[in-house]
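Please look over the sequence and the fold before reading on.

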Amino acid sequence: MEAPGLPSAPQPPRFLLRMWVVIRDGLPSVGRYRRYLAALAGPMALIWGVTLAYLIFAPDRFDSRMTLILPGTGVGGSLNLESIGQATTNTSSAFSSPSLSPTENYKRLLTSDVVLRDAARRAGEDEDGFPVPAIKLIDQTNLIEVEMPAADPETAQARMVALQTAFLGALDTLRADEANAREDADGARIAELEAKVDEAQKALLDFQGETGLVSLDQFAGRVSALDQLKANERDRRVQLAESRAGAGRLASTLDISLAQARMAMRLKADPEFRELLSRYAATASNHAETGATLGDAHATMEELSVERDALRLALGARGSSVSGASEAQVLKFADLAVSDTRERLFATLTERDAGRSGHQAALAELRRQISEQNSDADELVEQASRLADLMRDLRVAEAVFSSALARLDTNKSDPFASYPLVQTLESPSLPRSRSAPSPILALVGAIAASILTLFGFLLVWLRQPIIRKLLPNA
C-alpha cells in the first residue's frame, strides 16, 4: 500500500512560461544595449527635429471659407397665342443628366485662369502670384466649398470676396454671350420660317384653283356617301345569304326542289285540277275500303278500279296542261298538293325565293353605284391627300413661325438655362485662427512616427525567437 504523496506546487500559466522564454531568449546581451539605444536615437531625433522645425519655421496660413449652392429644380413657362400657336419654355434641372454635373463645371470655372486673374486684379495683387483656391464638392448635395489661403485673415477674406465677384462676373458674361448668340441665330431662323410660310400658302392656293377642291368637307361628303353604299351592299349580302339559307333549309326539310314546289303550287291553284284531285282521292279511298271486304274480281271493285284509273288519267292530263310537266311527274306530286300544311310551306319557300331574287337585284344595283363611285375615287383620294398635305404644311409653318416669334422673348425669361443659378450659402469668412501649421497634427504625426520606429526596433530585438518559432527546423 503506497503512502500518499506530498501535494505538488501549482504550475504557472503556460502563456507566462512562453513569454518568459521569449524574453529570456530574446534579451540581448548587456553590451548590445548601448548599440540599440544609439541606433534608436538617430531616427527619433530626426522625427522630433523635423516636427519642431515645422512648428517654428513654417509660415502661418489663414483660410477664408465660402459655400455656394445650386438650386436643384428646373423652371417652365408656356405662352398661348389664340389661333396662332403656342410657345413653351421648359428648363430641366441642371442635375437631371447623369453624365453632366454643373458643380464640376463650376469647380473648373472657379480655378480657371480667367477667373483667377480677374480676382487678382480686383484684390490688387499680382496675377501670377494669386493662389489657386481649394474646392471641395459635397457628395449627395449641390454644395461647393471653397477655401482661399493667405498670410493673414484680412487678406484671405479679401481674396475670397474678389474670387466670388470674379466668378459671378464670369457667369454673367457667359450667359450674356449665350443670349446674344441665340438671338442672332433666332433672327436668321425667323426670316427663313417666314419665307416657308409664304411658299406653303402660295402652293395651297394654286392647288385649290386647279382642282376646285377647297376643303376636306367636300371629300368627306363623297366618302360618306360611298361608305353608306358599301354598308347597304353589306346588308344586302347578309339578307341574300339569309334568304338562300332559309330556302335551302326549307327545301331540304320538305325534300323537294324549288321547281317542284312551284309546280305543286300551280296544280293546287287550278280549280279543275283540285276537283279531279278530290274525286280521285275519294275514289281511291272507296276502292281501298271496298277492297278490304270484296275481291278484285267483284263487279263493284272493277267499277271502282275503272273510275279510279279514268280519274288518274284525267288528273295527269289536266296537271300536265297546267304545269307543263309530264303526266308522270304530275301524278307523282298529286299527293303532295293535297296537304294544306305542305301548301303553306311551299308558299313560304316560293316567297323566300322571290325575296332572294329581290336581294340579288338590289345588290347588283348597289354594286353598280359603288363601281361608278370608285371610278373617280382614286383621283379624288389623291387630290384630298394632296390638299391635306398642303394644309398641314401651311399650319405647321404658321405654328412654327408664331412659336419662333414668341420664343424670342420667352428665351430671355430664363437666363439660367445653360448656366444654373448659383447662390452664396456662406459668405466669405474672416478666419479666427490659423489653419497651418497645426501643433496638434504635427504632434500626432510625430508620435505616430515614433511608435512605428519603436515597433520596428522591437521586431529587430525579437527576431531570433520569432524566426525559431516560424522555422523550428532551420
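## Terms and basis

Two strands are said to pair if DSSP finds at least two bridges between them, and the elements themselves are DSSP runs numbered from the N terminus, namely helices (H or I, at least four residues) and strands (E, at least two). This is a predicted model, in which local features need pLDDT of at least 70 and side-chain atom pairs count only at pLDDT 80 or more, whereas totals for chains, interfaces and linings use all residues. Residues are numbered from 1 along each chain as its sequence is written, and side-chain values use heavy atoms, with hydrogens and water left out.

## The sheet

Four strands form an open sheet in the order β4-β5-β1-β6, with antiparallel pairing. Its edge strands are β4 (134–137) and β6 (423–426), each of which pairs on one side only. Strand β1 (residues 62–69) runs antiparallel to β6 and is joined to it by three bridges, and Leu 68 stands opposite Thr 424 in β6.

## Helices across the sheet

Contact here means heavy atoms within 4.5 Å; axes are lines fitted to C-alpha atoms, for helices over the stretch in contact, and angles run from 0 to 180 degrees between N-to-C directions. Helix α3 (residues 102–110) lies across β1, β4 and β5 (143–150), running at about 175 degrees to β4. Helix α5 (residues 153–211) lies across β1, β5 and β6, at about 135 degrees to β5.

## Asn 374

Asn 374 is found in helix α11 (residues 340–375). Not counting residues up to four places away in sequence, Asn 374 touches Leu 226 and Lys 230. The C-alpha atoms of Asn 374 and Leu 226 are separated by 8.2 Å, although the two are 148 residues apart along the chain.
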